[in-house]
Amino acid sequence: MIFYILLLVIVGGFAWIRLAPSDAGAWHVDPQVSADQDLANGVRRRIPGGEGTYLALNQIILQSPRTELLAGGPDDERATFITRSKWMGFPDYTTIQMGEDHVELYARSRFGRSDMDVNRKRVQGWLDQLSEPAEQG
């Protein structure tokens, strides 16, 4: 009997992680990036560029697997995206915001104290894609 209760708790926990609603009011916030930071459960980046950089980054992020727009978008100065892990569906939130001469990114995990460097790697991949056209042109 204890085994089945434990199994139910585990399955229920995984279901909650995958199906928990995402409150845009809680996640669609000002990134407040003054300098690049690597955090235990995410990263903050500030990159040079204006509207063109912001729009290109929007497109790159939306083309990422298991990623969808939560709030804002290309027509706004801020956009927040949810990217879910492949197997367990853990949600990570990334907010990008356009400044006058820069774009701010804030990527963080929702659950746990550490994201095992997943957000840093994802953001670096996006930034690498962003710089590719500039290097080719």
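## Overall architecture

The model is a predicted one, and its protein chain contains four helices and six strands. Read from the N terminus, these elements follow the order α-α-β-β-α-β-β-β-β-α. Along its principal axes, the C-alpha trace spans about 65 × 30 × 25 Å.

Of the 137 residues in the chain, 37% are buried. Among contacts with a sequence separation of 6 or more, 54% are made by residues 24 or more positions apart.

## Helix H3

Helix H3 covers residues 51–62, 12 residues in total, and its first and last C-alpha atoms lie 17 Å apart, which is close to the 16 Å expected at 1.5 Å a residue. Its buried residues are Thr-53, Tyr-54, Leu-57, Asn-58, Ile-60 and Ile-61. Because these buried residues fall within an arc of 165° when H3 is viewed down its axis, they line one face of the helix. The face turned away from that buried side carries Glu-51 and Gly-52, which are exposed.

## The largest pocket

The largest pocket has a volume of about 330 Å³. It is lined by 20 residues, of which Ser-85, Phe-90, Asp-92, Asp-115 and Val-118 are the closest to its centre. Strand S4 (78–84), strand S5 (91–98) and helix H4 are the elements that each give two or more residues to this lining, and the largest share, three residues, comes from H4. By class, the lining comprises seven nonpolar, seven polar and six charged residues.

## Trp-126 in helix H4

Trp-126 is located in helix H4, and its relative accessibility of 3% is why it counts as buried. Leaving aside residues up to four places away in sequence, Trp-126 touches Leu-57, Ile-60, Ile-61, Ser-64, Thr-83 and Thr-94. The C-alpha atom of Trp-126 is separated by 10.0 Å from that of Gln-59, although the two residues are 67 residues apart along the chain.

Ser-109 belongs to strand S6, and with a relative accessibility of 6% it counts as buried. Beyond residues up to four places away in sequence, Ser-109 touches Trp-27, Asn-41, Pro-91, Asp-92, Asp-115 and Asn-119. Two of these partners, Asp-92 and Asp-115, are also among the lining residues closest to the centre of the largest pocket.

Phe-111 lies in the loop between strand S6 (102–109) and helix H4 (118–136). Is Phe-111 buried or partly exposed? Its relative accessibility is 25%, and Phe-111 therefore counts as partly exposed. With residues up to four places away in sequence not counted, Phe-111 touches Trp-16, Ile-17, Ala-20, Phe-90 and Pro-91.

Notes
Residues are numbered from 1 along each chain as its sequence is written. This is a predicted model: local features need pLDDT of at least 70, side-chain atom pairs count only at pLDDT 80 or more; totals for chains, interfaces and linings use all residues. Side-chain values use heavy atoms; hydrogens and water are left out. Buried means under 20% relative accessible area, exposed over 50%, partly exposed in between (1.4 Å probe, protein chains only). Contact means heavy atoms within 4.5 Å. On a 1 Å grid over the protein atoms alone, a cavity is a set of points where a 1.4 Å probe fits but cannot get out, and a pocket is an open set with protein on both sides within 12 Å along at least five of seven lines; lining residues have an atom within 4 Å of a point. Grid points are joined across faces, edges and corners, and a volume is the space filled by probe spheres set on the points. Ala, Val, Leu, Ile, Met, Phe, Trp, Tyr, Cys and Pro count as nonpolar, Asp, Glu, Lys and Arg as charged, and the others, Gly among them, as polar. The expected span of a helix is 1.5 Å times one less than its number of residues. The arc is that of the directions from the helix axis to the C-beta atoms.
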